[in-house]
Amino acid sequence: MDHNELRCFLVLAEELHFGRTAARLRLSRARVSQLVQRLERRVGAALFTRTSRRVELTGLGSRLRDELEPHHRGIEDALARAAASARATEAVLHVGFSTPLAGELVMGVTERLRVTRPGLTVEVCEVPLADPFGMLRSGDFDLQLADFPVREGDLLHGPTLLTEGRVLAVPAGHRLAGRPAVTSEDLAGVALLTIEGEVPEYWRHHLPTRTPGGRPIGRGPAVTGLQEALTLVAGGRGALLTAAHIARYYGRPGVAYVPVEEDEPLRYRVTWRPGGPDGAVRLFGSLAREVARDRTASSPSPGAARPV
């Protein structure tokens, strides 16, 4: 059973309003409707009646709500108690990273923390491409080091640590593959791979729909991860806009990387939610700035990430 379906059902059963439910869960109305419909298909009957004026529980929906609520509340309480116990017995900082470059930087900070804070354990995990802020908001991460822009009003972030350009990953035989560089205008007619899931609307640096001149950019299949994306690129299913360092980390047959000329580079920053372990977050951010400066201090190659 999908936890997201149950949580969405219980919140909608309380609010009886798709807009308020979407706001509470920080989802789109379409996503709320999708989750509810998926649960209804799983159950085999309607749980809500919907009109243009109101949303109401069906009889079956009311019974399901009454039976689910105490169990769901018990699970949430048990998880909260377990998290509190873990914080009381040991200092653990859970850190997410969005790209291989961010992961490398996180591991550099982790090594320094072993010396400066030997009692602080760092647990590292990749940020899901299809849900870039969900694990941070839910408490699975205390902070994450990710590529920007990030325009989430409920999250905080530190200064820029590194900047880098982008590349376009295309099939080796693509018409753009042999060029020394491309511009955003060259993306007209290119089928860019999209990201599956609830990604922010402002992620235009990943998923532009038009060139600066207004020409449409095509749409390829939706992907959930980098390896899947590069496999589809190699198979001729689309192209991928991605960070420049991916060309160094993931050279593979069938994929050509072409630098993208643009004014605005990708930026990497530490992001966290208010109320987290502030002291550990500040220390992590300070060490991340040191690692970012040190890793490129010896004449970085053209196009490589640069410290700020």
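Mentor: Before we start: pLDDT is the predictor's confidence in each residue, from 0 to 100. We need that here, since this is a predicted model.

Trainee: Okay, so where does pLDDT stay under 50?

Mentor: Over residues 298-303, and for that stretch the model has three contacts beyond four places in sequence. A contact there means heavy atoms within 4.5 Å.

Trainee: And what is the picture for the protein as a whole?

Mentor: The average pLDDT is 86, with 90% of the residues scoring at least 70. Confidence is lowest in strand E15 (residues 306-307), at a mean of 56, and highest in E13, at 95.

Trainee: E13, then. What makes E13 and strand E8 a pair?

Mentor: Two strands pair if DSSP finds at least two bridges between them. Strand E8 (residues 166-171) and E13 (residues 255-261) have six bridges, in the antiparallel sense, so they meet that cut-off.

Trainee: On to helix H3. How do you know that its length agrees with what a helix should span?

Mentor: H3 (residues 29-43) has 15 residues, which at 1.5 Å a residue should span 21 Å, and its end C-alpha atoms are 21 Å apart, so the two values agree.

Trainee: What makes one side of H3 the buried face?

Mentor: Val32, Leu35, Val36, Leu39 and Glu40 are buried. Looking down the axis of H3, the buried residues fall within an arc of 135 degrees, so they line one face. They pack against helix H1 (3-15), helix H2 (18-25) and strand E1 (48-50). The face turned away carries the exposed residues Ala30 and Arg41. Just after the helix, Gly44 takes a positive phi of about 100 degrees.

Trainee: Last one: why is His245 called buried?

Mentor: The cut-off is under 20% relative accessible area, and His245 comes in at 0%, so it counts as buried. His245 lies in the loop between E12 and helix H8 (246-249).

Methods: Residues are numbered from 1 along each chain as its sequence is written. This is a predicted model: local features need pLDDT of at least 70, side-chain atom pairs count only at pLDDT 80 or more; totals for chains, interfaces and linings use all residues. Side-chain values use heavy atoms; hydrogens and water are left out. Helices (H or I, at least four residues) and strands (E, at least two) are DSSP runs, numbered from the N terminus. The expected span of a helix is 1.5 Å times one less than its number of residues. Buried means under 20% relative accessible area, exposed over 50%, partly exposed in between (1.4 Å probe, protein chains only). The arc is that of the directions from the helix axis to the C-beta atoms.
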